[in-house]
Amino acid sequence: MFEYAPAPESRSVVEIRSSYGLFINGEFVDPGDGGTFKSINPASEEVLAEIAEAGPADVDRAVRAARTAYEQVWGPMPGRDRAKYLYRIARIIQERSRELAVLESLDNGKPIKESRDVDLPLVAAHFFYYAGWADKLPYAGFGQRPTSGHSGADPRPLGMAAQVIPWNFPLLMLAWKIAPALAAGNTVVLKPAETTPLTALLFAEICQQADLPPGVVNIVTGAGETGRALVEHDGVDKVAFTGSTEVGRAIARAVAGTRKKLTLELGGKAANIVFDDAPVDQAVEGIVNGIFFNQGHVCCAGSRLLIQESVYEPVLASLKRRMAQLRVGDPLDKNTDIGAINSAAQLDRIRELSEVGAAEGAERWSPECTLPERGFWFAPTIFTGVTQAHRIAREEIFGPVLSVLTFRTPAEAVEKANNTPYGLSAGIWTEKGSRILWMADRLRAGVVWANTFNKFDPTSPFGGYKESGYGREGGRHGLEAYLNV
Amino acid sequence: MTATTTSDRSDLSELGRSEATLRAFLHGLPGVDQVGAEQRAAQLGTRSIKTTAKAWAIDLAIRMVDLTTLEGADTPGKVRALSAKALRPDPADPSCPHVGAVCVYPSMVPYAAEVLRGSTVHLASVATAFPSGQAPLAVKTADTRAAVAAGADEIDMVISRGAFLAGRYKEVFDEIVEVKAACDGAAAGLPGSPRAHLKVILETGELATYDNVRRASWLAMLAGADFIKTSTGKVPVAATPPVTLVMLEAVRDFRDTTGRQVGVKPAGGIRTTKDAIKYLVMVNETVGPDWLDPDWFRFGASTLLNDLLMQRTKLTTGTYSGPDYFTLD
């Protein structure tokens with residue numbers, strides 16, 4: 001047997017302070033009412049740091065700082081100068097990527113190979129990409145500039161953006177929010193998730209290191225109440241939220257009837273569709289990547305596997321064999337494939353829905369794996385014999401749990417894939433190009449991957465249909481959410 | 001093809017009967033998505049193998065080396081020296097294992113055989129008009145018989161890539177069958193000598209697509225190959241991780257289908273311990289421990305051995321020795 005010896009990434013590359021204040025107007029400050037909460041390492045339940053909890057007065061202070069910075073510094077600044085700051089931030093992120101990756105894995109529980117090879121390269125790429133747009137906004141297709149003879153105005157920033165992000169990709173979601181907002185000339189107040197605030201606070205230090213003018217980026221930490229105070233604040237021009245559909249609905253209600261513009265990126269229950277002519281070995285990799293990447297804490301995860309009946313057994317056998325190779329454990333070990341579940345609350349939800357799946361008659365299977373005693377862990381799991389009527393086929397589990405269904409014809413695959421209130425992503429596996437196009441035309445999902453899954457690129461727009469939200473992030477389309485067009 | 005249970009095992013021996021059945025079968029294999037295969041191979045390359053795992057992997061890799069010299073300038077003296085090294089790769093450390101085999105041209109087999117006789121190091125000879133394979137079949141089989149008669153117990157043959165690329169699968173199949181028959185020592189006039197193992201070189205650098213690599217792998221296995229090997233080392237592109245991955249998937253699926261296990265040998269371009277360990281990780285996570293054995297996985301290499309020895313010494317002594325401490329051949 002080839003036993004891999006432990007290969008832990010050193011955590012000494014990152015210095016975690018014992019406590020963190022709020023980042024307002026370019027400095028770390030104590031919260032007005034002095035409330036704090038703790039951020040823990042989900043792989044060990046060890047406390048990493050005490051974090052300030054922002055109350056309404058703190059949020060107000062942050063919004064005012066952002067407003068002032070927008071009116072006096074960032075809004076009037078020429079695009080090419082804004083770009084210089086964004087390029088500088090991008091380069092510092094690259095230089096400090098190891099530090100950021102280790103911190104992300106500590107606070108979030110994701111394996112270091114993902115934070116190092118996926119999250120951090122994408123974070124830097126987003127800043128580089130949008131830095132490039134900062135001085136080219138009139139040519140992004142929203143203003144009149146490219147067509148001569150018209151005298152339309154160039155697109156203007158919206159002003160001050162309130163941004164609330166989730167815990168599954170803490171730094172990457174920060175980049176998706178902050179990079180386009182700043183490139184377009186807006187200032188921001190961002191609230192990271194309460195279980196994963198640390199990389200956002202390290203990002204605040206990077207803003208200081210880059211000499212970003214005070215108030216352009218403000219970070220307020222806290223839970224749901226802080227987020228509510230932020231999105232409901234009168235001084236906010238734009239709200240951007242990524243998270244659950246339930247909270248997204250509440251935010252949509254809160255901003256209804258105001259001048260605030262809103263983009264929402266919410267849940268998903270994506271179908272990953274495998275046809276009988278699929279490249280089987282790569283399809284199995286894609287299925288595994290689709291649902292077990294980031295412990296399945298991915299809004300666009302391929303959580304419903306639709307296999308054509310004629311290849312159901314061989315594909316399932318290959319999938320099980322591949323799952324037996326997955327290494328669950330210490331997120332900082334460079335050979336770990338599946339890390340810790342982010343929080344006790346999330347683990348409870350995954351357990352509850354899995355129990356419902358078994359109780360409703362689906363057959364549950366996990367490869368043999370030993371889970372650590374402390375921390376929050378869930379073995380990679382598949383359910384077979386699932387039908388459209390099962391709750392595990394309808395509700396977002398947001399964990400390493402895959403529901404396996406079958407279909408006979410392409411039309412049936414489309415019908416089942418679309419039979420969900422969500423519509424964020426979908427995957428198609430077939431060697432037939434014409435079928436990919438036929439399917440992509442009919443799938444109601446914001447992203448359709450063909451013979452791959454969970455591929456992200458800053459140049460490519462990302463967003464949902466139906467209850468998966470509205471608006472697009474990434475690419476030229478992502479600028480629209482931050483411009484008055 | 002994918003995992004099936006023992007009871008589903010199929011008899012594929014009739015497939016070679018006609019061009020049509022071979023073609024239908026080979027073209028019915030699932031495709032290989034290039035992007036996905038390369039991505040998977042790259043991911044496996046990021047495994048971090050340290051300390052005890054590294055020591056274990058280095059010793060295994062040494063045992064899997066087919067220590068090779070295939071030059072027009074080869075002399076009996078060089079081949080004797082190489083064979084001596086195969087037996088005792090690190091004269092300073094008796095705990096160092098010997099390599100899997102020595103691999104030479106047919107004319108050099110007698111000199112290697114002198115040195116290796118009585119040891120468990122195998123003696124491989126390339127044959128069949130290596131490396132191009134551009135010779136009449138009668139010449140190829142004569143080449144093979146001569147190597148076996150001279151003492152080779154492993155034959156590394158090349159397929160006719162031209163015939164394969166032109167879709168003449170039956171021709172390639174029949175050649176392998178003929179060469180396999182020529183590997184039989186008894187038939188070569190050596191009563192009691194064992195049948196030489198047949199390694200079939202696909203020369204993947206000339207096959208252009210992973211789909212072709214998969215088809216050629218199956219074709220060779222159907223025709224009776226004991227091992228499938230990537231390359232001759234004589235064309236610009238030799239073994240690569242994705243090509244080896246596709247071949248490992250093929251031997252895995254072939255065993256699931258027929259019950260017969262076939263070995264894999266990446267050859268050419270593997271020069272460092274780091275590279276060798278990446279291949280072992282790939283074997284471990286694609287086909288499992290059954291193939292982590294010199295009987296089922298080999299490295300065709302010449303310079304790799306010295307790097308393995310240097311890393312081995314580094315692990316046991318804690319310091320790097322200069323290259324002067326390792327023998328050059």
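## A salt-bridge network in chain B

In chain B, a network of salt bridges links B:Asp66, B:Glu154, B:Asp156, B:Lys199, B:Lys229, B:Lys265 and B:Arg298. The model is a predicted one. Over all chains, the salt-bridge count comes to 54.

One pair in chain B is B:Lys199 with B:Asp66, at 3.1 Å from N to O. B:Lys199 sits in strand 5 (residues 197–201) and B:Asp66 in strand 1 (residues 65–68), so the bridge ties together parts 133 residues apart in sequence. Both B:Lys199 and B:Asp66 are buried.

## Other salt bridges within a chain

B:Arg255 also pairs within its chain. Its partner is B:Asp290, and their closest N and O atoms are 2.8 Å apart. B:Arg255 belongs to helix 10 of chain B, while B:Asp290 lies in the loop between helix 11 and strand 8 (299–301); the two are 35 residues apart. B:Arg255 is partly exposed, at 22% relative accessible area. B:Asp290 is partly exposed too, at 41%.

Chain A has a pair of its own to inspect. The side chains of A:Asp337 and A:Lys113 form a salt bridge of 2.6 Å, N to O. A:Asp337 is in the loop between helix 10 (312–323) and helix 11 (344–359), and A:Lys113 is in helix 4 (residues 112–133), so this bridge joins parts 224 residues apart in sequence. A:Asp337 and A:Lys113 are both buried.

## The interface of chains A and B

Contacts between the chains involve 32 residues of chain B and 28 residues of chain A. Interface size is often expressed as the accessible area lost when the parts come together. Here chain B and chain A bury about 2,500 Å² between them, with 48% of it on carbon and sulfur atoms.

Five salt bridges cross this interface. One salt bridge joins B:Asp256 to A:Arg321, with 3.2 Å between the closest N and O atoms. On the chain B side, the elements giving two or more residues are helix 2 (34–44), helix 3 (51–64), helix 10 (241–258) and helix 11 (273–286). That side has twelve nonpolar, ten polar and ten charged residues.

## The annotated site in chain A

UniProt, in an unreviewed entry, lists A:Glu265 under "active site". A:Glu265 lies in strand 11 (residues 261–265) of chain A. Its relative accessibility is 3%, so A:Glu265 counts as buried.

Leaving out residues up to four places away in sequence, A:Glu265 touches A:Trp176, A:Phe241, A:Thr242, A:Gly243, A:Cys299, A:Leu424, A:Phe462, A:Ser468 and A:Glu473.

How values were computed:
Residues are numbered from 1 along each chain as its sequence is written. Chains are lettered from A and ligands numbered from 1 in the order in which they are written. This is a predicted model: local features need pLDDT of at least 70, side-chain atom pairs count only at pLDDT 80 or more; totals for chains, interfaces and linings use all residues. Side-chain values use heavy atoms; hydrogens and water are left out. UniProt positions are given in the numbering used here, feature names are shortened, and annotations may be inferred rather than shown by experiment. Helices (H or I, at least four residues) and strands (E, at least two) are DSSP runs, numbered from the N terminus. Buried means under 20% relative accessible area, exposed over 50%, partly exposed in between (1.4 Å probe, protein chains only). Contact means heavy atoms within 4.5 Å. Buried area is the accessible area (1.4 Å probe) that two parts lose on being put together, summed over both. A salt bridge is a side-chain nitrogen of Lys or Arg within 4 Å of a carboxyl oxygen of Asp or Glu. Ala, Val, Leu, Ile, Met, Phe, Trp, Tyr, Cys and Pro count as nonpolar, Asp, Glu, Lys and Arg as charged, and the others, Gly among them, as polar.
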